[in-house]
Amino acid sequence: MESKESVTKNIVRYSSSKVYQQILSLLTAFIRPKLLSPELYGLWNILNIIPTYASYSNLGTFDIMRYMIPYHEGKKEHQKSLEIRDSVFYGTLFLNLFIVAGLIIFAFVMNYEFHVQVGLIAMAFVVMISWYYENFVVLLKSYQNFKLITSTFYLKATITFALTVVLIYFYKIYGAYLAFLLSFGIIALYLRVRYPSPTPYAKFKYSIFADLVIKGFPIMLYNFTAILINTSDRIIISYFLGTEQLGYYGIADMVLGFIIQIPGTAREVIEPRMMQDIYKCSMKEHLSEYFIKPMFHTAYLMPFLIGGIFFTLPVIIPLLLPKYTNGILCAQIVVFGSYFVAMSYTARGVIVAYQWQLRALYIMLFALLVNAAVSIFFIKTGQGIIGVAVAGSLSFFVMFIGLVVFVKILSNHSLQDWGKNILGLSYPFLIMGVSIALLEYAGRSIQMDDYLCVYYDAYLATGIKLFVYYAIMAFVIYRAQSKYPFLKIFSLKKLQGKK
């Protein structure tokens, strides 16, 4: 009983800290464009992906360590756990030092402006400190110390937000660098004080590190390709159009980052159960529970989020971020395409569970190629960041369709009624798209007389669109529940706690 209560408390604490972190992360992401010019915000967006990419330099060892240490601890093989810990620490340290040295040399060799050089050097230090931080968090998860992880998430989100507001206000782009660096540094120091190593780090064992790389590299490679699909647009825009246009496009990236947090959080909850049940039931039952049902829930829930953001962006951005109105349309396009990113998350979970990552990598690489090729084509034909947004959404669609077909083939068609399921999954997206298009057309076509025009403004129009749109999507869910009873999770009575 104590164990179950402890697990429940850990889940509640961890979930609440993730929600808090996501809210403050959104506010922090909003503050940066508010206080920076589009050009400097674009520079921040391109430099910010350096630590993101560098985090994959662990070659998958962090992912595997999370499972191997608890495994050996359960068998009372404490020395083996320590050898894994030490080998991963030193092995990833060497790899990150190589990246840091390369960034610093690159900053001095290339003839960049001073604020760009400072940014590269700052990111080099961030890479080093964030590696130390991530290594700590993985160890805490391995040893089930979720209480400290939770307090760390709360503290990091708060410190990052506070430092971002103060330092960017006074020091602009240099303040952004410093806030990013200090937030990781303070949290790393906090963890070092709160969780001192019970035993000193011993020595690096190549055989152990190599074995962990072999096991973890396929997972890392698959996840890294997914990140490339989501971030390659920044590199393309920066190279062909410059950092100012990337700054406008940054609004789309900010909104996309917020939207995918929701399916990402759901995946964190579902995947442990998926892994636990994979050998307890048939593939048909497993895919039905952890592939089809989550996709249906995502398909019918995401339109509420997407529609709300799509309609409110044209009134929120001019009000809060007037310098970034040029990014509204591309943000709306990316928001629309985020539907397929959210849907693909369920396919990714199944692929990792059945260890199909390497074979699925070809699909991910093809989607990445589509993104890059179409983006460059649209840029060359004068479509600018709007064309890049269309290319990104198209690549999300290609990725989702490819992964679904892939799972269908490799599961040996274990699930029946694929046609019925695909048709059911298509309805919400089609109705969402048609509804948004018609409401946008109607909003621009309505002619009001002079008296009503006093009361008819953008805010009222947005409110009317949202009311009609949500009524349509609520009716779609209501009708779908008769065919797909598991969708009754959205029932108002259930949400109110009624039977």
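Visitor: What percentage of the residues in the protein chain is buried?

Guide: The model shown here is a predicted one. A residue counts as buried when its relative accessible area is under 20%. Among the 499 residues of the protein chain, the buried share is 49%.

Visitor: Are helices α2 and α5 roughly parallel or roughly antiparallel?

Guide: Helix α2 covers residues 38–54 and helix α5 covers residues 114–142; their axes lie 9 Å apart, at an angle of about 30°. Angles under 35 degrees count as roughly parallel. The pair α2 and α5 is therefore roughly parallel.

Visitor: How many residues of the contact of α2 with α5 are nonpolar?

Guide: The crossing of these two helices, α2 and α5, is right-handed. From α2 the contact includes Leu 40, Leu 43 and Trp 44, and from α5 it includes His 115, Val 116 and Gly 119. The residues of this contact comprise no charged ones, two polar ones and, as the number of nonpolar ones, 12.

Visitor: How many charged residues take part in the contact of α3 with α5?

Guide: The axes of α3 and α5 come within 8 Å and cross at roughly 30°, so the two helices are roughly parallel. The crossing of α3 and α5 is right-handed. In the contact, Phe 62, Met 65, Arg 66, Ile 69 and Pro 70 of α3 meet residues of α5 that include Trp 131, Glu 134 and Lys 141. The contact has seven nonpolar residues and two polar ones, while the charged ones number three.

Visitor: Which residues of α11 does α8 meet?

Guide: Helix α8, residues 243–259, has an axis that comes within 8 Å of that of α11, crossing at roughly 25°; α8 is therefore roughly parallel to α11. The crossing is right-handed, and the residues of the contact divide into 11 nonpolar, one polar and no charged. Tyr 248, Tyr 249, Ile 251, Ala 252, Val 255, Leu 256 and Ile 259 of α8 meet these residues of α11: Cys 330, Ala 331, Val 334, Val 335 and Ser 338.

Visitor: Is Ser 344 buried or exposed?

Guide: Ser 344 belongs to helix α11, residues 328–353. Beyond residues up to four places away in sequence, Ser 344 touches Met 399, Phe 400 and Leu 403. Because its relative accessible area is 0%, Ser 344 is buried.

Visitor: How far apart in space are Ile 386 and Val 334?

Guide: Ile 386 lies in helix α13, residues 384–410, and is partly exposed at 27% relative accessible area. Leaving aside residues up to four places away in sequence, Ile 386 touches Leu 329, Cys 330 and Ile 333. Although Ile 386 and Val 334 are 52 residues apart in sequence, their C-alpha to C-alpha distance is 9.5 Å.

Visitor: Where is Leu 59 found?

Guide: Most residues other than glycine have a negative phi. Leu 59 is not a glycine, yet its phi is positive, about 60°. With 24% relative accessibility, Leu 59 counts as partly exposed. Its place is the loop between α2 and α3.

Visitor: In which helix is Lys 172 found?

Guide: Lys 172 is a residue other than glycine with a positive phi, near 55°. Its relative accessible area is 38%, so Lys 172 is partly exposed. The helix that holds Lys 172 spans residues 146–194 and is α6.

Definitions and conventions
Residues are numbered from 1 along each chain as its sequence is written. This is a predicted model: local features need pLDDT of at least 70, side-chain atom pairs count only at pLDDT 80 or more; totals for chains, interfaces and linings use all residues. Side-chain values use heavy atoms; hydrogens and water are left out. Axes are lines fitted to C-alpha atoms, for helices over the stretch in contact, and angles run from 0 to 180 degrees between N-to-C directions. Helices (H or I, at least four residues) and strands (E, at least two) are DSSP runs, numbered from the N terminus. Angles under 35 degrees count as roughly parallel, over 145 as roughly antiparallel, 65 to 115 as roughly perpendicular and the rest as oblique. A crossing is left-handed if the near helix is turned anticlockwise from the far one by less than a right angle, and right-handed if clockwise. Contact means heavy atoms within 4.5 Å. Ala, Val, Leu, Ile, Met, Phe, Trp, Tyr, Cys and Pro count as nonpolar, Asp, Glu, Lys and Arg as charged, and the others, Gly among them, as polar. Buried means under 20% relative accessible area, exposed over 50%, partly exposed in between (1.4 Å probe, protein chains only).
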